[in-house]
Structures are given as C-alpha cells and as structure tokens.
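Here is a short briefing on the structure below. It covers a sheet, the helix packed on that sheet and the nonpolar core.

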Amino acid sequence: MFSLSSLSRTLCSVSPLLRLGQLNSQPTPTTLGPLSIFSRARSQLAPRQVKHIKRHKGRVPIPIGGSTKGTTLAYGDYGIRIKSNGHRFTAKQLSTAEEVIKRKARAFKGLRVYLRVFPDIPVCIKGNETRMGKGKGTFEYWATRVPTGRVIFEIGGVPIREELARDMLRQAAAKLPTKMEFITRSTPPRLGSLVLHPSKPDVESPPLATAECPALLETTA
C-alpha cells in the first residue's frame, strides 16, 4: 500500500495538463511504410500496392513449354505482338505508345484500346562510379518482362478498316524498343519464333481393288 504523501509527490511530478485532465487530443504520428513514399497518379502505369519495393532483376522468360497463351487476340480485332526477341518494357515506353494510339483513335467514336501487359516490376539503379556493396540501389521506374510472341496492344469495339488500324499500330510500334508485327483475328498463334499454322486435313485416297476384295472387282468390272 502507498501513503498519501507518496501519492501527492507522484501527482506533483506529473505535468499540470495531466493533473487537470487536459490530455492532448492530437493523434500520434504513425510511422510511414516504404510504400507511402511513392505516389501513384490515376493515369500512371504502376501497381497500387506491392509487398517489396526492391526485387531481383530477373530475365525475360523464354516460351519453351509449348504454351501459346497470350499470343493471339482476346478482346479487339487488330493488335501488335513481339516478333523479335523478348524485351523488358518500361512504364514510360508503354504509356507513350498508348498515347499515340489514343490520339489517333479520337476520330473513331467508341474505339477501345487494350493493353495486354502491365509494368509491375520495380527497377532499382545505383549511381555511376559507385563502389560495390552497401545494398541495392534506389527505386527508379516500373517495368515488365515480355517474351517473344506476346500481344502488347489491341484495338476494337467499333468497325474500322484494316489499313487505318495498321497505320495506327505501326506508329505505336515505333515507340517500342523491339520489332513488332501486326496481327488480326485470323493470325495463327506463335510459339517463340515459330508460327503455328493450322494443319491441313489429310485426304484419304479411295481403296484399290485387289483379289482379296471380290466385291470391289465386280464393281470396277
């Protein structure tokens, strides 16, 4: 048990605001996480939230498993896909190419633009002439790794002539750092650098008349 004298000494040591019950109503500042530093605009190609802001560089995947997913059109009527080796596209490159398509698409009411890839890989860069060690560099931009044959852009929604769509996507492909190809709904899928054309059905030849089949000999006679 404590005495009244010890209680009075304890109250005297407390600040006057606490003795009068006038507590500070302002909330305590919370600690900002690493994701709170990066602000994302509505039109910016960047993920809303990531678990780790620094990741390994990685390599562009090579389609060797036999899957042709993502190499044909899924939403639009025309599009472009990678024809040469896979590449790592930055968010700025994809945004620039998308702006070119949308600028040309203003003349066609209802024309929609579909972006089939999304930059969700953070790229960190260290300064020039920096000694080795002392951790990874700081965050610089967002990027995505796209393999060979993957569709990048699609346009559709309203009928449009193929010549106009080809010219529109050609200007967008000029903004990307790799060779692209124009595709339509009838374009076959692609497995790496190999275009998989549909196989033609085999035409069966009529059976030949032999001595083992007397019925065929009678009909032929």
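**Sheet, helix and core**

Arginine 81 has valine 151 of E6 as its bridge partner. The model is predicted.

**Strand pairing**
- Strand E1 covers residues 78-82, and strand E6 covers residues 151-156.
- E1 and E6 pair in the antiparallel sense, over 4 bridges.

**The sheet**
- The sheet is open and has 4 strands, in the order E3-E6-E1-E7.
- Its pairing is antiparallel.
- Strand E3 (112-115) and strand E7 (180-184) stand at the edges; each has a single partner strand, so one side of each lacks a neighbour in the sheet.
- From one strand to the next, the twist averages 20°.

**Helix on the sheet**
- Helix H3 (residues 91-104) packs on the sheet and touches E3 and E6.
- The direction of H3 makes about 20° with that of E6.

**Nonpolar core**
- The largest nonpolar core has 32 residues.
- Ile101, Ile152, Phe153, Ile155 and Leu176 touch the most other members.
- At least two core residues come from each of E1, H3, strand E5 (138-146), E6, helix H4 (162-173) and E7.
- H4 gives the largest share, 5 residues.

**Contacts of isoleucine 101**
- Which residues is isoleucine 101 in contact with, leaving aside its neighbours within four places in sequence?
- They are Val113, Phe153, Ile155, Met168, Leu169 and Ala172.
- Of these contacts, Phe153 and Ile155 are also named with isoleucine 101 among the core residues that touch the most other members.

Note on methods: Residues numbered from 1 in each chain as written. Predicted model: local features only at pLDDT ≥ 70, side-chain atom pairs only at ≥ 80, totals over all residues. Heavy atoms only, no water. Pairing = 2+ DSSP bridges. Axes fitted to C-alpha atoms, helices over the stretch in contact; angles between N-to-C directions. Contact = heavy atoms within 4.5 Å. Core = buried A, V, L, I, M, F, W, Y, C linked by side-chain atoms within 4.5 Å. Buried < 20%, exposed > 50% of the residue type's maximum accessible area, 1.4 Å probe, protein only.
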